[in-house]
Amino acid sequence: MSLLSGRRPQVDVAAVRSALAVVEDPELRLPLDEAGMLGGIEAGRDGSVRVTVRLTTPSCPLKDTLARDVTAAVGAVAGVGRVDVAFAAMSEPDRMALASRLRGSRGSGHPFGPGSTTAVYAVASGKGGVGKSTVTANLAVALARQGKRVGVLDADVWGYSMPHLFGVRRAPVALKGLMLPVDAHGVALMSVGFFVDDEEPVVWRGPMLHKAMEQFLGDVHWGDLDVLLLDLPPGTGDVTISLLELVPDAQLIAVTTPQPAARTVAERVGRMALNARMPIAGVVENMSALVCGSCQESTALFGSGGGEELAAAVGAPLLGQVPLDVALRESGDAGVPAVLAAPGSPGARALSRVAADLPVVRRSLVGRPLPLSVVGG
Ligand code: ADP
């Protein structure tokens with residue numbers, strides 16, 4: 001037997017490099033090589049390959065994900081026996097170059113203005129506690145599972161709950177003044193809650209809120225989104241008005257419970273949207289009848305008819321009725337939206353249907369009077 005018979009052929013470094021072309025940084029949403037994150041690739045004589053990944057920040061929270069994805073891609077290359085992933089930090093000039101590349105040619109301003117191909121939905125409710133955030137989180141994950149690139153901007157300044165609903169307990173990475181949304185269950189997430197102390201009340205006022213909303217749209221690397229969901233604070237306050245001004249192409253999704261009182265206050269939001277010539281994509285009735293798990297008897301805990309009445313009042317379709325379902329509450333508290341954690345539950349199924357039927361098409365500005373101004377009440 002020849003001494004050389006057990007030896008592997010030398011791994012082709014070019015093949016490793018092209019296998020790595022599919023590995024993306026989940027938050028930059030760019031292939032590592034394009035982002036300047038690919039350091040050296042060394043192939044040993046024993047079939048081992050060592051890949052160095054250069055991180056935008058040494059404390060990068062995505063190390064494990066990157067190591068897993070790099071190992072899987074390189075491990076599939078012919079002749080590779082073992083993959084080692086080493087981490088290094090990007091140099092300052094490289095970080096600068098990456099940040100200006102991500103900002104691209106858009107300069108100041110945000111990427112959701114005229115000419116953008118992202119469909120923007122503003123999810124609103126008349127009052128708090130009707131399940132607006134639960135609906136937003138589940139719609140986002142359901143749309144992402146359909147293969148869409150989805151972003152969520154949690155603009156519910158006083159009642160932000162997206163970090164909790166998505167189970168995110170870390171701040172986003174910042175790159176030279178550009179924030180990278182957190183990748184949460186396949187959704188690009190940005191929340192006011194990432195920047196404020198849980199214990200401290202948010203006391204921002206009108207102009208500050210407007211500035212904050214501008215930054216959340218413009219100083220965040222949203223990338224190429226198919227859909228952006230804006231989780232608005234309840235009612236028709238400053239944040240809502242600012243966002244409608246900043247993204248005049250947004251369409252409203254109004255969330256209400258079946259209760260007449262909730263429907264009446266939600267109607268105010270609908271009226272405001274109509275006054276601002278903002279189209280209403282439709283109404284989601286949440287907390288509809290509770291169906292008993294054992295006897296299947298249906299109880300209209302919060303009454304019935306609110307969704308249909310609101311839809312008729314604002315001249316928009318009823319997109320769906322989401323039953324009261326403990327799975328929605330439990331999965332929200334566990335940080336994994338129900339469409340992922342309990343996809344067979346009645347609540348998750350209803351929300352998946354709403355997402356499937358949502359026309360993810362950007363509304364055209366053609367034929368609409370410009371410039372737009374928001375008129376109250
Ligand atoms: P909002 O954003 O309108 O303030 P949330 O989404 O935070 O409302 O929901 C308020 C509470 O109701 C949360 O505890 C949530 O888990 C729960 N919830 C929302 N929708 C449902 C539902 N369909 N069935 C059961 N619980 C729900």
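**Close-up views of a predicted chain**

**View 1. The largest nonpolar core.** Leu-153, Phe-166, Met-213, Trp-222, Leu-228 and Leu-252 touch the most other members of the largest nonpolar core, which has 83 residues. A nonpolar core is a set of buried Ala, Val, Leu, Ile, Met, Phe, Trp, Tyr and Cys residues joined through side-chain atoms within 4.5 Å. Buried means under 20% relative accessible area, exposed over 50%, and partly exposed in between, with a 1.4 Å probe and protein chains only. Helix α4 supplies the largest share of this core, 8 residues. A second, separate core has 33 residues, among them Val-16, Val-23, Leu-66 and Ala-99.

This is a predicted model, with residues numbered from 1 along each chain as its sequence is written. Local features need pLDDT of at least 70, side-chain atom pairs count only at pLDDT 80 or more, totals for chains, interfaces and linings use all residues, and side-chain values use heavy atoms, with hydrogens and water left out.

**View 2. Around Phe-166.** Contact means heavy atoms within 4.5 Å. Residues up to four places away in sequence are not counted here. Phe-166 then touches Ala-137, Ala-140, Val-141, Ala-184, His-185, Val-187, Leu-189, Gly-335 and Pro-337.

View 3. The ligand is surrounded by 14 residues, each with a heavy atom within 4 Å of it. The closest are Gly-129, Lys-132, Ser-133, Thr-134 and Asp-325. A polar contact is a pair of N or O atoms within 3.5 Å; within protein, one must be able to donate a hydrogen and the other to accept it, and residues adjacent in sequence count only if both atoms are side-chain atoms. A polar backbone atom of Gly-129 is 2.8 Å from an oxygen atom of the ligand. A nitrogen atom of the ligand lies 3.0 Å from a backbone N or O atom of Pro-323. A polar backbone atom of Asp-325 is 2.9 Å from a nitrogen atom of the ligand. Alone, the ligand exposes 560 Å², and the protein buries 77% of that. Accessible areas come from the Shrake-Rupley method with a 1.4 Å probe; for residues, only the protein chains shown count as cover.

View 4. Helices (H or I, at least four residues) and strands (E, at least two) are DSSP runs, numbered from the N terminus. Helix α4 gives the most, with 3 residues. By type, the shell holds 5 nonpolar, 6 polar and 3 charged residues. Here Ala, Val, Leu, Ile, Met, Phe, Trp, Tyr, Cys and Pro count as nonpolar, Asp, Glu, Lys and Arg as charged, and the others, Gly among them, as polar.

**View 5. Ala-273 in helix α8.** Ala-273 sits in α8, which covers residues 260-275. Ala-273 is buried, because its relative accessible area is 0%. Beyond four places in sequence, Ala-273 touches Leu-252, Met-278 and Ile-280.

**View 6. Thr-257 in a loop.** Thr-257 belongs to the loop between β13 (251-256) and α8. Thr-257 is buried, because its relative accessible area is 4%. Leaving aside neighbours within four places in sequence, Thr-257 contacts Val-130, Ala-262, Glu-285, Asn-286, Met-287, Gly-306 and Gly-307.
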